[in-house]
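Please open the model in a viewer and keep the selection tool at hand.

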Amino acid sequence: MHLHKIKKMKNKRIILQGLLIILIMSSCATQKLTKEGKTAYQSNNYEAALNAWDQVIEKYESRGNKAEATLYYKAGLAAKKLEQTSKARKYLETAENMEFSSPKLYIALSEIYKTIDNLSKEIIALEDYHEKYPQGDKIDTITIRLFGTYVQSENWNPAIEIWPEIEEQAQNDVDLLSGYLTVNKNLENEKVSKKLADKILNQQPKNITALEWYGEYYFWKAENLYVKEMTAYKNNRTTSQYKKVLKALDEVYPTFEKARNVFLKLYKLDPKPKYADLLGKIYTRLDEEKKARYYNNKAN
């Protein structure tokens with residue numbers, strides 16, 4: 001073998017050995033930083049923990065690789081503790097995309113999405129916890145919040161489905177009962193809605209959701225009957241039909257008065273134009289023109 005070939009092989013061996021030493025040293029440094037981050041986190045020194053884990057993640061990503069999913073998860077939690085929302089979201093989403101799963105991961109993500117007002121993503125994070133950890137320590141809190149997000153996003157059917165899981169603890173919680181009333185009102189479940197409105201008003205007589213339900217219930221009951229009978233009379237002006245109108249009005253006017261009383265109470269609590277508009281309509285039906293004009297002006 002020629003001398004220059006021998007030298008060339010020796011040089012390659014030296015280079016490989018050097019690279020191996022560098023890799024070992026780099027690996028040792030990475031392990032050291034990872035351990036330092038863990039120790040700092042356990043001591044509630046989240047800044048030091050995040051700083052250490054940031055360096056580890058940067059080392060991996062600078063070489064076009066990913067760190068372990070667990071590291072992104074832990075770094076995300078540390079960033080969240082430091083209220084670095086953007087970084088926390090980035091790290092936690094990376095961990096999730098790497099198929100890391102943990103109850104705390106979904107709780108943290110749901111809280112971050114709530115903070116940045118991303119309701120759709122918050123719902124997904126809550127659903128992930130609810131589906132994957134039905135026996136989790138925070139399942140009650142998660143289920144209640146999930147129900148609230150369904151109401152907020154007008155997902156009425158999922159809200160109905162999840163209600164049995166929180167029904168027992170909701171019996172003395174006016175906010176939850178009001179949310180469930182909103183769901184049933186929009187699904188036109190009149191009997192359930194009436195029962196809920198009564199229960200809520202027994203606990204909180206000035207509850208807006210329950211009062212609105214009753215006000216609208218009385219108004220449309222009276223209005224629909226009034227229109228129906230008046231239309232029938234206009235189409236058939238007979239004595240018998242006229243008697244039917246008079247009989248119907250005996251029910252219509254007291255029902256309008258019930259609606260009026262509810263909306264007067266609501267208007268006093270919060271003078272919204274929509275309450276004024278309905279009061280204007282009610283007073284028109286009751287032939288009280290002066291009051292009708294007053295509330296019609298308030299509605300505009």
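**First stop: a loop residue**

Select leucine 82, which is found in the loop between helix H3 (69-81) and helix H4 (85-97). Helices here are DSSP runs (H or I, at least four residues), numbered from the N terminus. The model is a predicted one, in which local features need pLDDT of at least 70 and side-chain atom pairs count only at pLDDT 80 or more, while totals for chains, interfaces and linings use all residues. Residues are numbered from 1 along each chain as its sequence is written, and side-chain values use heavy atoms, with hydrogens and water left out.

Leucine 82 is partly exposed, having a relative accessible area of 29%; buried means under 20%, exposed over 50% and partly exposed in between (1.4 Å probe, protein chains only). Now display Tyr46, Glu47 and Leu50, which leucine 82 touches when residues up to four places away in sequence are not counted. Contact means heavy atoms within 4.5 Å. Then select aspartate 175: its C-alpha atom and that of leucine 82 are separated by 31 Å, and the two residues lie 93 residues apart along the chain.

**Second stop: two packed helices**

Select H5 (residues 103-115) together with H6 (residues 119-132): their axes are 8 Å apart and they pack at an angle of about 160 degrees. Axes are lines fitted to C-alpha atoms over the stretch in contact, and angles run from 0 to 180 degrees between N-to-C directions. H5 is therefore roughly antiparallel to H6, a term for angles over 145 degrees.

To see the contact, show Pro103, Tyr106, Ile107, Leu109, Ser110, Tyr113 and Lys114 of H5, then Lys121, Glu122, Ala125, Leu126, Asp128, Tyr129 and Lys132 of H6.

The structure holds 21 aromatic pairs. Rings of Phe, Tyr and Trp (its six-membered ring) pair if their centres lie within 6.5 Å, and planes over 60 degrees apart count as edge-to-face.

Select tryptophan 213 and tyrosine 214: the ring centres are 5.1 Å apart and the planes stand at 80 degrees, so this pair is edge-to-face. Both tryptophan 213 and tyrosine 214 are buried.

Finally, select phenylalanine 219 and tryptophan 220, an edge-to-face pair with centres 4.9 Å apart and planes at 85 degrees. Which of the two is buried, and which partly exposed? Phenylalanine 219 is buried, at a relative accessible area of 2%, whereas tryptophan 220 is partly exposed, at 47%.

Conventions. Angles under 35 degrees count as roughly parallel, over 145 as roughly antiparallel, 65 to 115 as roughly perpendicular and the rest as oblique. Rings of Phe, Tyr and Trp (its six-membered ring) pair if their centres lie within 6.5 Å; planes under 30 degrees apart count as stacked, over 60 as edge-to-face and the rest as tilted.
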